[in-house]
Amino acid sequence: MILDKSLIEQHNQANQSLHKKKFEGLSAVLGDEGHDVKTILEKISAFQIAIPSWALGTGGTRFGRFAGGGEPRSLEEKIEDVGLLHALNQSSNSISLHIPWDIPKDPKAITQLAASFELGFDAVNSNTFQDQADQKESYKFGSLSHTDKSVRDQAIQHNIEVIRHGIELGSKALTIWLSDGTDFPGQQNFRRMFERTLDSIQQIYAELPADWKVLVEYKPYEPHFYSTVIADWGTSLLFCNKLGEKAVGLVDLGHHLPNTNIEQIVSRFLMEGKLGGFHFNDSKYGDDDLTVGSIKPYQLFLIFNELVEGMSSPEIKNPELSWMIDASHNIKDPLEDLLQSVEAIKIAYAQALIIDRPALERAQAENDATLAQEIMQNAYRTDVRPLLAEARLQAGAALNPVGFYREGKIREQLVSQRGAKSFATGL
Ligand code: LRH
Ligand code: MN
């Protein structure tokens, strides 16, 4: 669906006066606190988040899936939906594809269609966690770590094929999330599984173009429930250091055991110059893939505090990061959910940008934990949403994307175009 920009102007007209009051009030306060609001707005506008091609339809669990209707039936319609999100928030200018769920049959046409929506392609994702209908070897007992060389070779070839698709689309990174693992003690030798996996990824690494990265995503469990080859950040970093400078870690917020200090993991990866990017989502228990900031918004703020501190520090030499969402929508409208997630990520970024860093460093030097918390939470408890809205307004996007989406009855229009039972590939 191509959005008529004049509708966005009408929406902004109707919401302008209240927005102006909030924005001018906040800008005055931030100015008094010594912040350069113009620079903050530029940073907020420049911050773009990639949308996962596998999260534009309704997700589900093994217990059920409740389709919401009007889902994209093809990669072309998925690009249209991401184009719609980007038109509403001017903050989602790329798509992360998952192969083979979204194979670009005509890469030239797909790239042109994406460009017509001002979209590009972020990391491409391989998939050796499912058996495809026409597949010769099964991944039941693993893929890149499999005991059988012919299975490993098949998985290696798949990843090389994914790189080729990415090159045709202008992507610059391959994401490897390896589901390989075991369900029972004694089922496999941990060291041999690691060594086979390293050898396999080294063969994939050798096929990476000079300006590409491989993002090594870790996850503690699921689909295996006793061990996972790449289970935690330490193992991801081990692989990255053994593979080479193109290999960097991918932090999926849902891939941590309860109460893990993720912000410290981010600080460690940054310190080593090995932080490649994020799969943003939120969770209360496991890899729940919920709306970003819906459960633990303070943790997200603390993660962005490490990012802003690290990325502005001359000591840190870290490559450019891939900012991506990885979510699954069981009950919410997928597009509303993604709009809320992008907003939550940018809220955490903006809050981290207004932390009084010199004062915080002084409090840290004086071991004044009380003052440090006051400084951190002054930023966290500042409603920065008028900054995001102003950045959208200046970029020609909607002051209130979810409000516009509902007022415009966008889902109803998609259902009338695509039908109530249309089904999107993905999770
Ligand atoms: C695994 C994961 C991975 C994707 C998949 C869709 O849980 O986070 O990033 O390949 O979700
Ligand atoms: Mn992920």
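Which elements cover the buried residues of α15? I started my notebook with that one.

**Ground rules.** I am working on a predicted model, where local features need pLDDT of at least 70, side-chain atom pairs count only at pLDDT 80 or more, and totals for chains, interfaces and linings use all residues. Residues are numbered from 1 along each chain as its sequence is written, chains are lettered from A and ligands numbered from 1 in the order in which they are written, and side-chain values use heavy atoms, with hydrogens and water left out.

**Entry: helix α15.** I looked up the elements first; helices (H or I, at least four residues) and strands (E, at least two) are DSSP runs, numbered from the N terminus. Helix α15 spans residues 410–418, and I found Ile410, Arg411, Leu414 and Arg418 buried there. Buried means under 20% relative accessible area, exposed over 50%, and partly exposed in between, with a 1.4 Å probe and protein chains only. These buried residues line one face of α15, because they fall within an arc of 95° seen down its axis; the arc is that of the directions from the helix axis to the C-beta atoms. The cover over them includes α3 (75–89), α10 and α14 (401–407), where contact means heavy atoms within 4.5 Å. Just after α15, I noted glycine 419 with a positive phi of about 95°.

**Entry: manganese.** Next I checked ligand 2, the manganese ion. Its protein donors are Glu217 (OE), Asp252 (OD), His279 (ND1) and Asp326 (OD), at 2.1 to 2.2 Å. Donors are N, O and S atoms within 2.8 Å of the metal (3.2 Å for Na, K and Ca); water is not among the atoms, so sites may look incomplete. The arrangement is octahedral because the six donor atoms subtend angles of 72 to 169°; six count as octahedral if opposite donors are over 155 degrees apart and all others between 65 and 115. For comparison, ideal angles are 90 or 180 degrees for six octahedral donors. Aspartate 252 in strand β9 (residues 247–252) and aspartate 326 in the loop between β11 (322–325) and α10 (334–353) are 74 residues apart, so I logged them as a link between distant parts of the chain. Both aspartate 252 and aspartate 326 are buried.

**Entry: ligand 1.** I found 12 residues around ligand 1, the closest being His98, Glu217, Lys219, Asp287 and Asp326; near means a heavy atom within 4 Å. Polar side-chain atoms of histidine 98 and of aspartate 326 each lie 2.7 Å from an oxygen atom of ligand 1. For aspartate 252, a side-chain N or O atom is 3.0 Å from a ligand 1 oxygen.

**Entry: serine 283.** Where does serine 283 sit? I placed it in the loop between β10 (275–280) and α9 (297–311). Serine 283 is buried, because its relative accessibility is 6%. Its neighbours, leaving out residues up to four places away in sequence, are Leu253, Gly254, Asp288, Leu290, Ile295 and Lys296.

Entry: I noted a cis peptide bond from isoleucine 99 to proline 100, with omega near 15°, and another cis bond from glutamate 222 to proline 223, with omega near 10°. Glutamate 222, in the loop between β7 and β8, has a positive phi of about 70° although it is not a glycine. Glutamate 222 is partly exposed, at 36%. Glutamine 90, in the loop between α3 and β2, also has a positive phi, of about 40°.

Terms used. Tetrahedral: all angles 85-135°; square planar, octahedral: opposite > 155°, others 65-115°. Polar contact = N/O pair within 3.5 Å; in protein donor to acceptor, adjacent residues only side chain to side chain.
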